[in-house]
Amino acid sequence: MAPVATELKLGKKINEGKTKEVYELPDLAGCVLMQSKDQITAGNAARKDHMEGKAAISNTTTSCVFQLLHESGIKTAFVRKHGDTAFIAAQCEMIPIEWVCRRVATGSFLKRNPGVKEGYKFYPPKIEMFYKDDAANDPQWSEEQLIEAKFCFAGLTIGQTEVDIMVHSTQAIFEILEKSWLPQNCTLVDMKIEFGVNITTKEIVLADVIDNDSWRLWPSGDRSQQKDKQSYRDLKEVTPEALQMVKRNFEWVAERVELLLKTKSHGRVVVLMGSSSDLGHCEKIKKACANFGIPCELRVTSAHKGPDETLRIKAEYEGDGIPTVFVAVAGRSNGLGPVLSGNTSYPVVNCPPLSADWGSQDVWSSLRLPSGLGCPTILSPEGAAQFAAQIFGLSNHLVWAKLRSSMLNMWISLKQADKKLRECSL
């Protein structure tokens, strides 16, 4: 991500942590500047060292990760990168909890759970929370403790609904990043994140930073190759040579984190309609595909009136090597989907535009197929696009991330609607 180098007027320093500073931005209402430091720490700053260039490395890592999550549909505080060592974010009142999500048992989990062997895998990922209190060494908290604390940030009281949203969001964020690292043969072992309440929108968003201090990352699933801050924690003595080794690990991650925003797997949806009168129905499919970042082409052909042309169009898309999902849009007697399904090894899905008069009868031509055919029927245009996205998501982490985020946001909207209804009923 190219940094934005325009000058910003800095206001007062709002906060300063071990590795960053937060400044008000008088000319950008509701925003702050997150400025990274060239400092690395461990054990609540019991060990602390200057590492030249770490601010830029951390900023690159955080900016790429937040861009990936934002484009996937996760609500974050991130706005844009600013210069090499800072980024602009929505101002939040931070919730003082570190949320930890683990796929593999290691580190402090083993100390707190004797008898569990390193490498034990959690399905689903295990989520823990820790109250941010350096003096008390960040004690582990339960959901009940967080609810009973009755925190209120930016006017939002943290109750059961808000805790549930953060739990589900933590798992979704971890799974998106886990999936995104897999194409590089890297295992995301665990990670920690923080949430805040956006002072403008009053909603919970992913905030703070996600950099190489925030996770354990093992290439090839091999702990001995770890590239995260654990390599600094494990140092028996911090020498200039040892610190250079740690810096090389951080640079390794910063170089590869930009690849999280890319994919080698591409695909497309080709919608074939039996008549141009079905264009409105097909445009809905195309729009829904765009939401998943999937190119979509619309064609007109009739398997009944021009089967040779239908098969020629089919062959055109089979011949260029781009993975394709065909969507057949044909009302009345649907010959289009079955003919395609019987003549291609590519996935075909029926999405007939049913009419009020004959829909209940016409749908059987999509549902009742000859043997040897395997094209499902989805009546919703948006559902047909989602089905195609699920196919491409098997090999494309960017599409998968959008699907996973969509699931999360749907769950959150239902949770919030239920809360609002209960509040109105009291």
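Two strands pair if DSSP finds at least two bridges between them, and strands themselves are DSSP runs of E with at least two residues, while helices are runs of H or I with at least four, both numbered from the N terminus. With that in hand, welcome to this predicted model, where local features need pLDDT of at least 70, side-chain atom pairs count only at pLDDT 80 or more, and totals for chains, interfaces and linings use all residues. Residues are numbered from 1 along each chain as its sequence is written, and side-chain values use heavy atoms, with hydrogens and water left out.

**A sheet and its helices**

Let us start with an open sheet of 4 strands, ordered S18-S17-S19-S20 and paired in parallel. Its edges are S18 and S20, each of which pairs on one side only. From one strand to the next, the twist averages 20°. S19 and S20 are joined in the parallel sense over 3 bridges, and Phe326 stands opposite Val348 in S20.

| Strand | Residues |
|---|---|
| S17 | 268–273 |
| S18 | 296–300 |
| S19 | 324–329 |
| S20 | 348–350 |

Helix H8 (residues 307–318) lies across S17, S18 and S19, and runs at about 160° to S18. Helix H12 (residues 381–393) also packs on the sheet, touching S17, S19 and S20, with its direction at about 165° to that of S19. Axes here are lines fitted to C-alpha atoms, for helices over the stretch in contact, and angles run from 0 to 180 degrees between N-to-C directions. Contact means heavy atoms within 4.5 Å.

The unreviewed UniProt entry annotates residues 267–414 as "domain: PurE"; such annotations may be inferred rather than shown by experiment. This span is 47% helix and 14% strand, and its end C-alpha atoms lie 32 Å apart.

**Two cores**

A nonpolar core is a set of buried Ala, Val, Leu, Ile, Met, Phe, Trp, Tyr and Cys residues joined through side-chain atoms within 4.5 Å. The largest has 58 residues, and Trp99, Leu146 and Trp215 have the most contacts inside it. Helix H4 gives the largest share of this core, 10 residues. A second, separate core of 22 residues includes Met273, Cys282, Phe292 and Phe392.

**A look at Thr170**

Leaving aside neighbours within four places in sequence, Thr170 is in contact with Trp99, Cys101, Ile127, Ile193 and Phe195.

Definitions and conventions. Buried means under 20% relative accessible area, exposed over 50%, partly exposed in between (1.4 Å probe, protein chains only).
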